[in-house]
Amino acid sequence: MSAQNERCGYGLQSHRLHMVTWNVGTAEPPADVRSLLQLDSHLTSDLYVIGLQEVNAAPVRYVSDLIYEDSWSRLLMDTLAPNGYVKVTSVRMQGLLLLLFAKQVHLPFIRDIQTTYTRTGLFGYWGNKGGVSVRFSFYGHLLCFLNCHLAAHMNYALQRMDEFEYILDTQDFDIYNTPHVLDHKVVFWFGDLNFRIADHGMHFLRSSINNGRFNLLWGKDQLTMMKKNEPILQEFEEGPLSFKPTYKFDRFSETYDTSGKKRKPAWTDRILWRIKPKAIENDESGSIASSADDDDDEYLVKMIQDMYSCDVSYGISDHKPVTGTFRLEMRKKVDTPLVTLTAEGFWIADEDAILTYTILETFEVSTWDWIGLYKIGFRNPSDYITFAWVKDDDVAANGEVVTVIISKDELPLLAGDYVLGYYSSNMQSIIALSPTFNILQSERAVMEGLIPENINGLEK
């Protein structure tokens, strides 16, 4: 059952979010990540947000990944695309990688996508540590995801806090109503935050973990302790740490560090979230009063965490991946697409094809916008079979039906199910999808040897 069809009280609709954070320790991805993504669950997710740290960023490899998709992105797309998910966007800074996937049906309502990054390594000049983020509008609600890799080692808790605040202060977006991370309605802060478990000795740590008494360690978790004194941390929520500390393991095992260093186990890998507090304003009498945005009461947003755990079965890294599933309950501010798209008539590569589009609502149209032809199961907005520019002489008016011709030479010869997508260069996203339609098999497919010729029921 898709969370998109779940209805909540007060007219709210529920969307399921699956998040992953994993320090992969420069390793190549495993052969299978289906269990990590919970693809065999009876509940399907609407959004996937995956944050990785220490992706292999050796110079030759990093340059190659800038030209081609990195191996982690390829694996995730190969796994998710057959299940109807499209990679909406990604951002990378050396070893930090953040990816956003969405069910195809949601694409027209994910808008105004922007990404940014902040270096904190080597006094801000090196990107081995820092944060990468993506912000977007989801059915009119403003979301931001910040994937961080902060300073390591037990004694650097204050530096980790300084780095987090520096990232929040320096990251900005070219969006008038949400120029900074904390301006967004919902913020997720996650990654290898590197906070450790202080004071306890190794014997007590391992005994508590082996006996499943994780609560005995919570009071000395550095992030939990810092929450008591840091106002900004008090605005963030986190589920209970009812799973094994995720660092540091011997690779390909469930055994904590047996090397000479014998690093203490710690919950370094975390997922926290924040719902934007109501603004605090001074009234005319000088007293403090709480106020919300004009539409806060009408367009409520609730975040409910259903699961927070780690998956110890993956052993390629000395960290175990942490997963969190959430229900984002909200009333949609936007539920109609900006553009409608239609494939007119029959499509076959033996003749030119016709599509029409109509702009329904005003938005910042560009002559760099284009319409792509996608095979069902496409991986990302660039994974089109062919594309056509939108009206290039002047911007189409609202309600105007615009006709676009696709040359028969650009069409696939084999039959299949396809969809048209309108890509907005300003919003950096597909803002409209046509209904699914079938392209018929062309006679040229036999002539070009793509399928065997059939004579009197026999293949030739």
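This is a predicted model: local features need pLDDT of at least 70, side-chain atom pairs count only at pLDDT 80 or more; totals for chains, interfaces and linings use all residues.
Residues are numbered from 1 along each chain as its sequence is written, and side-chain values use heavy atoms, with hydrogens and water left out.

**View 1. Asp318 sits in the loop between strand S12 (301–310) and strand S13 (322–330).** Strands are DSSP runs of E, at least two residues, numbered from the N terminus. Asp318 counts as buried because its relative accessibility is 12% (buried is under 20%, exposed over 50%, partly exposed in between, with a 1.4 Å probe and protein chains only). Its side chain makes polar contacts with the side chains of Lys248, at 3.1 Å, and Ser317, at 3.4 Å. A polar contact is a pair of N or O atoms within 3.5 Å, where one must be able to donate a hydrogen and the other to accept it; residues adjacent in sequence count only if both atoms are side-chain atoms.

**View 2. Trp370 and Phe387 form an edge-to-face aromatic pair.** The centres are 6.0 Å apart, with 65 degrees between the planes (rings of Phe, Tyr and Trp, its six-membered ring, pair with centres within 6.5 Å; planes under 30 degrees apart are stacked, over 60 edge-to-face, the rest tilted). Trp370 is in strand S17 and Phe387 in strand S18, so the pair ties together parts 17 residues apart in sequence.

**View 3. The charged end of Lys320 sits over the ring of Phe249.** It is 4.9 Å from the ring centre (the rule asks for NZ of Lys or CZ of Arg within 6 Å of the centre and within 35 degrees of the ring normal).

Technical notes:
Helices (H or I, at least four residues) and strands (E, at least two) are DSSP runs, numbered from the N terminus.
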